[in-house]
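Please look over the sequence and the model shown below before turning to the notes that follow. They move from the whole chain to one helix and then to its salt bridges.

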Amino acid sequence: MQTNFLSQQFNAGFLAENSTACPANATICDGTSCVLPEDNFNQTLSVVLSTVLTIMLALVMFSMGCNVELKNFLGHIKRPWGIFVGFLCQFGIMPLTAFLLSLAFNILPIQAVVVLIMGCCPGGTASNVIAYWVDGDMDLSISMTTCSTLLAMGMMPLCLFIYTKMWTDSDAIVLPYDSIGISLVALVIPVSIGIFVNHKWPSKAKIILKVGSIVGAVLIVLIAVVGGILYKGSWIISPKLWIIGTIFPAAGYTLGFFLARVAGLSWHRCRTVSLETGMQNTQLCSTIVQLSFTPEQLELMFTFPLIYSIFQLLFALLILGGYRLYRRHRVKTKTDVEKTEQKEDSKSNVKINGGFVSDEMK
């Protein structure tokens, strides 16, 4: 609320300096700056969309929970090697990558800070949906998202303290622990209900999962579109941030996959760790940025979380498409081999029995 008020005051001041009179609807005007009333329509639209998206997200996470076996989930908690590898990727690789990219492109200090904030955020729930579509380990995916969100309470301040020293005082960055807590609750409760449904009614859980996976895919695209509409006035941004926003998620997916493979995880778990590493909680990053910086500073980097969100989705869809093509080719090849083996077996049996060989067997 305060940030919106300041932003409107700043924009109104700019208009006043470049016009002979304040706008007619200005509530305060002293000749050099004006204060305009809040746009009730945009505020209402934002609240409605946020509510709808939150409810839809909870339903999607409920459906994802319907694909989680309680025994396997607890197994990951008791033997957390996969979770530990994900932890190293989430709070080791991503903040370090953000730091190196900021140095390599020599961006402004305030821009470097927002890139680092993105790198320190926990994994996003969209990774669970994509992990399902690429036949990932859903038990590991859910446990990684939950643990990274929980551990973000302590790891985010630590990582920001380490990496932002050369650009700004880490105390100036406001971490919304309430938002992190809400994200955790919105994740844990629906997933827990889904796990219970899968345990009690497995046949119904499969139906819920199929519907939820489709709704989840639509929801991911919808969030990106809504973000583009709400922040359409902030698309003028440094080309360097566009480049970083393109490279950063791709680096996260790639490095996460290779680290998981080096750690000895199976291929489907490597895909899971890769997605959990590259897909960040961009909504949380946007919240931190709005709480921590002035309207003048926001103009330099406010859109970066949205840019990252778009490219993390784009690369995730490319991974999904590539995996689906590979799977289709592999299944087709496997089927052809099985048919060839069956024909050879049939030929050998016919020769032994002295029977007739059809044209299909030749």
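A contact here means heavy atoms within 4.5 Å. Among contacts between residues at least 6 apart in sequence, 81% join residues at least 24 apart. This is a predicted model, in which local features need pLDDT of at least 70 and side-chain atom pairs count only at pLDDT 80 or more, while totals for chains, interfaces and linings use all residues. Residues are numbered from 1 along each chain as its sequence is written, and side-chain values use heavy atoms, with hydrogens and water left out.

**Overall make-up**

- The protein has 14 helices and two strands, taken as DSSP runs numbered from the N terminus (helices are H or I with at least four residues, strands are E with at least two).
- Of its 362 residues, 42% count as buried, where buried means under 20% relative accessible area, exposed over 50% and partly exposed in between (1.4 Å probe, protein chains only).
- The accessible surface comes to about 19100 Å², and 66% of that belongs to carbon and sulfur atoms; areas come from the Shrake-Rupley method with a 1.4 Å probe, and for residues only the protein chains shown count as cover.

**Annotated spans**

- An unreviewed UniProt entry carries the annotation "transmembrane region" for several spans, including residues 112-134 and 140-163; such annotations may be inferred rather than shown by experiment.
- Residues 140-163 are 100% helix and 0% strand, with end C-alpha atoms 29 Å apart, whereas residues 112-134 are 74% helix and 0% strand, with end C-alpha atoms 33 Å apart.

**Helix 3**

- In helix 3 (residues 70-78), the buried residues are Phe-73, Gly-75 and His-76.
- Viewed down the axis of helix 3, these buried residues fall within an arc of 155 degrees, so they line one face of the helix; the arc is that of the directions from the helix axis to the C-beta atoms.
- The exposed residues Lys-71 and Lys-78 sit on the face of helix 3 turned away from its buried side.
- Cover for the buried residues of helix 3 includes helix 4 (81-105), helix 7 (138-163) and helix 11 (267-278).

**Salt bridges**

- The whole structure holds two salt bridges, each defined as a side-chain nitrogen of Lys or Arg within 4 Å of a carboxyl oxygen of Asp or Glu.
- One of them joins the side chains of Asp-135 and Arg-327 at 3.0 Å, N to O. Asp-135 lies in the loop between helix 6 (126-133) and helix 7, and Arg-327 in helix 14 (residues 304-353), so the pair ties together parts 192 residues apart in sequence.
- Asp-137 forms a salt bridge with Arg-269, with the closest N and O atoms 2.9 Å apart. Asp-137 is in the loop between helix 6 and helix 7 and Arg-269 in helix 11, 132 residues apart.
- Asp-137 counts as buried at 7% relative accessibility, whereas Arg-269 is partly exposed at 30%.
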